[in-house]
Amino acid sequence: MTELLYQTDSYLQTFKATVSALDEANHAVLLDRTAFYPGGGGQPYDLGVLRFGGVEAPLVRPRKGPEGVWHVLAVESALPAVWSEVEGQLDWERRYQLMRTHTALHVLCGVVFRDYGAQVTGGDMEPLKGRMDFEFETLTKELVGVIEAAVNAEVVKAHPVRVQILPRETAFQIPDLIRTKINLLPPGIPEVRTVELVGLDLQADGGTHVHNTSEVGQVRVVDYKSKGKINKRLYIEMV
Ligand SMILES: [Zn+2]
């Protein structure tokens with residue numbers, strides 16, 4: 001399996017790894033460790049390059065498979081040899097924007113639950129833009145501005161963001177996690193990674209976040225959409 005370096009250090013921009021296997025048909029490289037996020041949980045995959053033997057190969061996309069994380073390289077690039085060492089470098093501007101956006105969505109989620117008791121049902125993001133779906137029957141247009149102000153008030157309170165990897169049994173005893181649908185996690189996984197905006201929000205989450213909400217910057221809640229009587233969607237944008 002590939003060691004997922006981004007799970008314990010989301011600020012890692014370059015890393016060295018060894019090629020574990022090649023998939024020539026898909027022009028893909030399996031690495032023993034990676035800092036590239038392969039996508040999931042609403043967060044898009046990372047981009048960047050792999051360097052080896054004087055070659056700089058653009059990463060088309062990383063992809064999670066049963067063996068670990070495959071790195072699909074640009075078709076015109078050479079492939080490295082199995083067991084050789086490569087260096088990966090992230091497109092850091094994109095990744096850091098995603099970390100800020102992802103953390104902003106946690107602030108939104110924490111505020112909406114604290115102030116209205118509304119639970120999240122889903123979400124999606126791209127750099128500096130995101131949306132979240134809530135079971136939020138009482139959401140009106142007037143509330144959008146109120147929520148935006150409350151989100152920015154929490155951003156500047158500089159909540160630390162704490163990441164932990166907990167044994168499954170421990171995680172399943174945390175009441176706040178149970179409310180965020182931890183039960184949807186695949187059965188059989190031995191550990192649960194949790195992301196906590198201390199004092200505001202706690203989720204089971206595999207994505208990448210900033211260290212402190214003060215890094216998020218200004219958040220605008222730009223729109224909302226009714227997806228039925230109960231289900232409502234909020235859209236954010238960041239500067
Ligand atoms: Zn998250």
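Let's start at Glu3, which counts as partly exposed at 45% relative accessibility, where partly exposed sits between buried (under 20% relative accessible area) and exposed (over 50%), using a 1.4 Å probe and protein chains only. The model here is predicted, so local features need pLDDT of at least 70 and side-chain atom pairs count only at pLDDT 80 or more, while totals for chains, interfaces and linings use all residues. Residues are numbered from 1 along each chain as its sequence is written, and side-chain values use heavy atoms, leaving out hydrogens and water.

Glu3 pairs up with Arg33 in a salt bridge, at 3.9 Å from N to O; the term means a side-chain nitrogen of Lys or Arg within 4 Å of a carboxyl oxygen of Asp or Glu. Because Glu3 is in strand S1 (residues 3-4) and Arg33 in strand S4 (residues 33-34), the pair ties together parts 30 residues apart in sequence. Strands here are DSSP runs of E, at least two residues, and helices are runs of H or I, at least four, numbered from the N terminus. Arg33 is partly exposed too, at 27%.

Next, look at Lys16 and Glu87, whose side chains meet in a salt bridge at 3.7 Å, N to O. Lys16 belongs to strand S2 (residues 14-23) and Glu87 to strand S8 (residues 85-90), so this pair ties together parts 71 residues apart in sequence. Both also belong to a salt-bridge network with Arg51 and Glu56.

Finally, Glu137 bridges to Lys229, with the closest N and O atoms 2.2 Å apart. Lys229 is exposed at 62%, whereas Glu137 is partly exposed at 42%. The salt-bridge count comes to 13.
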